[in-house]
Amino acid sequence: MRLQSPWQPRLANVEATTVERLVLALADDIIEGKLQGGDRLPAHRTLAWQLAIGLGTVTKAYAILERRGLVRSVKGRGMFVAIRRAREKREIDLSSNAPPAMLTDRLLARTLAGIARKMDADHLNFYSPPTGHLEHRRLLTRWLENAGVTIDPSHLALTSNARQAISLAFDLACGPRGTILTERLTYPGAIALARRKGHRLIGVEIDAQGIVPQALASALERVSSGHTAVYLTPTLHNPTTATMSAERRQAIVEICRRANVWIIEDGVYALGHSAAPALAALAPERVFHVNGLSKTLGPGLRIGMLTLPPGMQTAAEEALQDLPFAPSPLSCAVVEEWLASGAIETIPQALRHEAQQRVHLATSIFDADECVSHPDAYHVWLPMPRETAESVAAAAALANVKVTPPDTVMVDRDERATGIRLCLGSPSPDELTAGLTQLAQLLKAHRNG
């Protein structure tokens with residue numbers, strides 16, 4: 001006689017397809033140890049009857065779980081929890097701000113076949129010019145138009161990723177040891193870069209739209225304009241998701257004009273997400289606009305872009321002659337193929353839809369006063385005092401949930417008001433649900449403790 005399954009059939013209480021809800025429910029119970037290695041799962045027909053769902057739904061859910069290594073099928077006996085995976089509690093990474101995976105094997109194969117027929121072999125036979133091949137710069141100026149940035153290809157420098165573009169902008173705007181004013185909470189990569197280069201960092205007060213104009217003006221009055229720049233993320237700010245209105249952007253530009261300082265605009269999240277103009281469109285004479293493709297097309301597509309204000313081309317070429325940053329010609333060929341095929345229009349749309357689903361999941365798990373979000377962002381922000389943030393982050397690590405360390409987003413190491421950035425793009429839906437649920441429980445326990 002076959003042993004009965006110990007699992008109590010259920011569907012996860014989330015907005016998703018029935019297949020996804022069933023996968024989520026079983027995966028959670030396996031990962032949390034409610035089901036042990038070797039436990040039998042209900043027979044396909046039995047489970048379909050118990051949950052009043054289609055037999056095909058059960059079959060698809062079991063197949064997904066088997067591909068993930070959570071269950072295994074034994075011919076003639078049924079489906080069982082996989083011992084190795086059931087006993088291994090994997091880390092859920094909510095610290096890496098990458099978009100959800102959208103590139104399929106089929107699209108990749110079709111893309112590579114198209115590239116093979118058209119790619120110029122000389123792009124691999126010879127070194128590229130310091131700021132990138134002219135045809136690649138022409139190609140990517142077309143892409144930047146989607147972010148509201150219109151420039152001549154001669155005013156564009158290409159790098160291997162957006163962080164390199166930020167690094168180049170810091171060098172051009174500030175020299176070897178300059179001053180950078182930025183949001184008091186900002187992108188950890190930019191903070192680390194500035195500190196490594198020996199720049200002086202000044203954090204400026206922020207509100208729901210980002211940097212506060214009056215606070216920026218006051219801070220600029222206290223520093224000399226020489227070798228000074230303002231680094232900003234006006235759209236879907238990292239980590240707080242704040243997005244500036246058109247009026248706020250214009251005010252920032254006017255303040256920087258009066259102070260005669262450079263602006264470094266981080267626009268990596270801006271493509272297709274904001275009706276407000278880019279700072280580079282408002283003040284092309286003083287804005288270095290940073291962009292990249294990893295946040296809008298896929299993490300593996302490593303191309304960074306830096307628009308150059310008039311008169312900065314020679315300085316950029318000299319800097320890149322010493323330390324070349326040019327992107328892979330293959331990555332540029334992928335973008336060219338996707339532009340020609342129209343795929344480049346569908347991928348950002350799919351990413352945006354997936355981001356909205358994941359943000360909705362996060363806001364459904366956390367209380368409204370706990371979570372700051374934007375429907376198009378790949379991350380949410382949980383503002384809290386530093387002591388609370390550090391305590392919750394440490395407790396999360398013990399529960400195998402990795403979050404962005406609170407101190408990495410702080411310009412001032414003595415800042416008392418910070419929070420936890422939760423990156424939603426990388427984990428699978430079931431891992432994301434499990435990780436967010438665990439964090440919500442930790443926050444509740446901290447409040448009640």
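Where is Asn-260 found? Asn-260 sits in the loop between α11 and β10 (262–266), and one of the views below comes back to this spot. This is a predicted model, in which local features need pLDDT of at least 70, side-chain atom pairs count only at pLDDT 80 or more, and totals for chains, interfaces and linings use all residues. Residues are numbered from 1 along each chain as its sequence is written, and side-chain values use heavy atoms, with hydrogens and water left out.

**View 1. The whole chain, before we zoom in.**
The protein chain has 17 helices and 15 strands. Helices (H or I, at least four residues) and strands (E, at least two) are DSSP runs, numbered from the N terminus. Along the principal axes, the C-alpha atoms of the protein chain fill a box of roughly 80 × 60 × 35 Å. For 449 residues, a compact globule would have a radius of gyration near 22 Å, and the 25 Å of the protein chain agrees with that. Here the radius of gyration is taken over C-alpha atoms, and the globule rule is 2.2 Å times the number of residues to the power 0.38. Buried residues make up 51% of the 449 residues; buried means under 20% relative accessible area, exposed over 50%, and partly exposed in between (1.4 Å probe, protein chains only). The accessible surface of the protein chain comes to about 20,700 Å², with 51% of it belonging to carbon and sulfur atoms. Accessible areas come from the Shrake-Rupley method with a 1.4 Å probe, and for residues only the protein chains shown count as cover. Take the contacts in the protein chain with a separation of 6 or more: residues 24 or more positions apart account for 71% of them. A contact means heavy atoms within 4.5 Å.

**View 2. Helix α14 meets helix α5.**
The axes of α5 (residues 105–118) and α14 (residues 329–341) come within 9 Å and cross at roughly 105 degrees. Axes are lines fitted to C-alpha atoms, for helices over the stretch in contact, and angles run from 0 to 180 degrees between N-to-C directions. So α5 and α14 are roughly perpendicular to each other. For the wording, angles under 35 degrees count as roughly parallel, over 145 as roughly antiparallel, 65 to 115 as roughly perpendicular and the rest as oblique. On the α5 side you'll find Leu-107, Thr-111, Gly-114, Ile-115 and Lys-118, meeting Leu-330, Ala-333, Val-334, Glu-337, Trp-338 and Ala-340 of α14. Sorted by class, that contact has 7 nonpolar, 2 polar and 2 charged residues. Ala, Val, Leu, Ile, Met, Phe, Trp, Tyr, Cys and Pro count as nonpolar, Asp, Glu, Lys and Arg as charged, and the others, Gly among them, as polar.

**View 3. Helix α14 meets helix α15.**
The axes of α14 and α15 (residues 343–365) come within 5 Å and cross at roughly 95 degrees. That makes α14 roughly perpendicular to α15. Val-335, Trp-338, Leu-339 and Ser-341 in α14 touch Ala-343, Ile-344 and Ile-347 in α15. The tally for this contact is 6 nonpolar, 1 polar and no charged residues.

**View 4. Loops with backbone details to look for.**
Ala-52 is in the loop between α2 (44–51) and α3 (55–67). Its phi is near 55 degrees, a positive value in a residue other than glycine. With a relative accessible area of 72%, Ala-52 is exposed. Back to Asn-260, which has a positive phi of about 60 degrees although it is not a glycine. Then look at the peptide bond from Asn-238 to Pro-239, which is cis, with omega near 25 degrees. Pro-239 is in the loop between β9 (228–232) and α11 (246–259).

**View 5. Arg-177 in its loop.**
Arg-177 is in the loop between α8 (162–174) and β5 (179–183). At 66% relative accessibility, Arg-177 counts as exposed. Leaving out residues up to four places away in sequence, Arg-177 touches Lys-197, Gly-198 and His-199.

**View 6. Met-384 in strand β13.**
Met-384 lies in β13 (residues 379–385) and, at 10% relative accessibility, counts as buried. Setting aside neighbours within four places in sequence, Met-384 is in contact with Ala-389, Ala-417, Thr-418, Gly-419, Ile-420 and Leu-443.
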